[in-house]
Amino acid sequence: MGCGVSKSSQFNKHSRKAIRAAVLIQRWYRQYVARTEMRRRYTWHIFQSIEYSGEQAQIKLYNFLGYLMDNFTPSSTERNLISHIFRENDVCWDSEWERYFCYKNIEVPEVYSGPHLTFPLTVEQAVGLLEAFRSKKQLHSRYVLELLLETWKLLRMLPNINRISTCHSKEITICGDLHGQLEDLLLIFYKNGTPSLEKPYVFNGDFVDRGKDSIEILLILFSFMLVYPCDVYLNRGNHEDHIINLRYGFTKEVLTKYKIHGKRILKLLQKIFSWLPLATIIDQKVLVLHGGISDSTDLSVLTKVNRYNYVSALRPPKRRNHSSAGMSIDIDMDDDLWSTSKIYQRRASLTYPKPLGPRECFHNRSLQDFSTRIKANMENELEHSKRREVILAAALHRSQQDILSASTDSMNSDNAKDEWRQILDLLWSDPMNQDGCIPNEVRGGGCYWGPDVTEDFLNRHNMQLIIRSHECKQEGYEFCHNRKVLTLFSASNYYDVGSNRGAYVKLGPDLVPYVIQYQASSMTRELTARQSVGRTERSALKVLREQLFAHKSDLLCAFKKVDTKNAGLVSLIDWASAVESVMHLNLPWRMLRCQLVTCKSSDGMIDYYDWFNELAIKGPNTDHIDQSLLETLYRHRSTLETIFRIVDTDNSGFISMEDFRQTWKLLSVYLKMAITDEDICNLAETIDSNHDGSIDIDEFMEAFRLTDKKSRLERGRSMFMATTSDLTKLEGDPNV
């Protein structure tokens, strides 16, 4: 026997080293995965916070404009600027609208190389249209109007809730939000096949906005629906709304692509959106809708509503009275415009401010008594009220019988407002993990509903599954509420390349959802997981820096509170807490410090003045512009652009200097801040370089963009620069 070390002891020694090495590798890998997951989560949180704050801001802006409509006399300048978005002039029958949308006088030039359409549409033409859009061709406006008119006629024959069934020979494919991303729709058709008798589809709303090919997606879906009316079903989403389109790019897209007839196309699309069905039921067991439900959702009510009244779901519809002259006259539900006393009420609201009083629905909590900020010329008001009294007295005399008969209309009853709330909930709501049903104050519309509400709803209607969309999910889909609610999102790379997958679902006779995931961009297949997370993180951090810069004055005040020595230095802990107190994004700020702050003193303190210099945006020469006004512009850039689009009534892309001033005055009332005429003139002079007396809207917004290049997040999308803190400031007003 030898005295050397045995082979077994050598093996044990090496195995212990191998185990220690494996443990170290495993520990490192777990830390790496944890860090990557943390980066993924805060990146996602940044994107979603911006998206939802933008939707909330749009609803609040619309409520504000609605308040102006209700409390300004019709002769006021401010009311005239915005009245057209509230359908003030819709006083004709559908047949008259069809004459307005007539396409026959539009000639197609011989040089036109795009697709030609004849009606009734054929499968070959629908597929040809698809291929033309794949090749970046554009459909002529004559064919666009003709296709939209045929779609409108078909939609007017459909019920509020479509009911379809599966069978052994075919499955039903359900798609979520597409948001103008044509590449996703093309990929779905490539993987799953185009719609046909054997391949029925349900498209669950939000076809438009944010992406650059919204009109092409609509035309493709409408063409296949015309060819297969019993096999292609479209549900309305919250973005099928002309008020939302003003902010998120669809209005601008149509007017850019169809400069001559864009206005008519948009008006016809308003009609079409209001006629889109609200939901689809499959085999009496699966409910497909865009947003969700609430504790008051009742399908028996939704089947009976006149959905075409809800041109915008953000505001209760107008009561439509039919006069003996054969016209329909639109009247706000909340206003009795036929009462002459209303004139005095409106005039008084401008002179003697009073609280608005409680609202029955939380969606209007953001309405404020803006009359405290409005000064009217009383002589003009009195003169107008006298003229208005004469007009209304004559109208009252002519139409007394019509009005009496209309008083029994459902639009006069509380049931109408209940219907409106149900539609708003259906389009805007999101599920939550807790039981109950609470206002969705993050989006500003709809509600959050819990598992108990889902269970009760399914039991009452004898159903087993709700399929909804409305929320971007990283994997393209997500089950919740004990797998009884499925969220489906079909726009991949929504926030940035690699940010999320898209998905669609196939349902067979067993009604078990089979999910197919994908990513449309070829770039994502070339990126590693680390590269994908890094790319998306950089995009999110760029947006976050923009928000921090836009809140410079608030951040400066927060830093000075903790900087007792006024040295311009704060500790990392104080920096993180101060930033969170202003931004309210619930982000790991200490972890983000390395990405956001490079200037740091030797003792680890942060020089916040140097940090602000790092965040500073290099834009046009703005030294002569009031800095508070400039910060307001950066922070509320999207809201300002929305007002510009509203004021630009002829959709020319230009507004006069006077309208520019009125726009800023509207914004100042909305934000409750003083903006002087001198500041506005200085701002206008910065942009009006050719001194022609008009402002190019696109040129103005580009000049004050916070970055030198649009990110994918911002491309075709107008994201709100204010955060929750800006919005909660409005809630502190006693008149809200």
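Predicted model: local features only at pLDDT ≥ 70, side-chain atom pairs only at ≥ 80, totals over all residues.
**Entry 1: strand β2**

I started with β2, which covers residues 172-175. Are its faces covered or open? I found both faces covered. Ile172 and Ile174 lie on one side and are buried.

Next I looked up the partners of β2. Strand β15, residues 502-507, runs antiparallel to β2, and 4 bridges join the two. Strand β3, residues 201-203, runs parallel to β2, with 3 bridges between them. In this pairing I found cysteine 175 opposite phenylalanine 203 of β3. I then followed the chain from β2 to β3 and passed through helix α6, residues 182-192. This β-α-β crossover is right-handed.

**Entry 2: strands β15 and β16**

I went on from β15 to strand β16, residues 514-518. The two run antiparallel and are joined by 5 bridges. Lysine 506 is opposite tyrosine 514 of β16. How many residues lie between β15 and β16 in their hairpin? I read off 6 residues. In the turn I noted leucine 511, whose phi is positive, at about 60°.

**Entry 3: an open sheet**

I then turned to an open sheet of 3 strands. I wrote down its order as β9-β11-β10, and its pairing is mixed. Why is one side of β9 and of β10 left without a neighbour in the sheet? β9 (430-431) and β10 (437-439) are at the edges and have a single partner strand each, so one side of each has no neighbour in the sheet.

I checked the pairing of β10 with strand β11, residues 447-449. It is antiparallel and has 3 bridges. For cysteine 437, I found tryptophan 449 in β11 as the bridge partner.

**Entry 4: helices α19 and α20**

Last, I looked up helix α19, residues 552-562, and helix α20, residues 572-583. Their axes come within 9 Å and cross at roughly 140°. Angles over 145 degrees would count as roughly antiparallel, and this one falls among the rest, so I put down α19 as oblique to α20. The crossing is right-handed.

Which residues of α19 meet α20? I listed Asp554, Leu555, Ala558, Phe559 and Val562. On the α20 side, the residues they meet include Asp574, Trp575, Ala578 and Val579. Ser581 and Val582 of α20 are also among them.

Key. Residues numbered from 1 in each chain as written. Heavy atoms only, no water. Buried < 20%, exposed > 50% of the residue type's maximum accessible area, 1.4 Å probe, protein only. Pairing = 2+ DSSP bridges. Right-handed = clockwise from strand over helix to strand, strands pointing away. Axes fitted to C-alpha atoms, helices over the stretch in contact; angles between N-to-C directions. Parallel < 35°, antiparallel > 145°, perpendicular 65-115°, else oblique. Left-handed = near helix turned anticlockwise from the far one by under 90°. Contact = heavy atoms within 4.5 Å.
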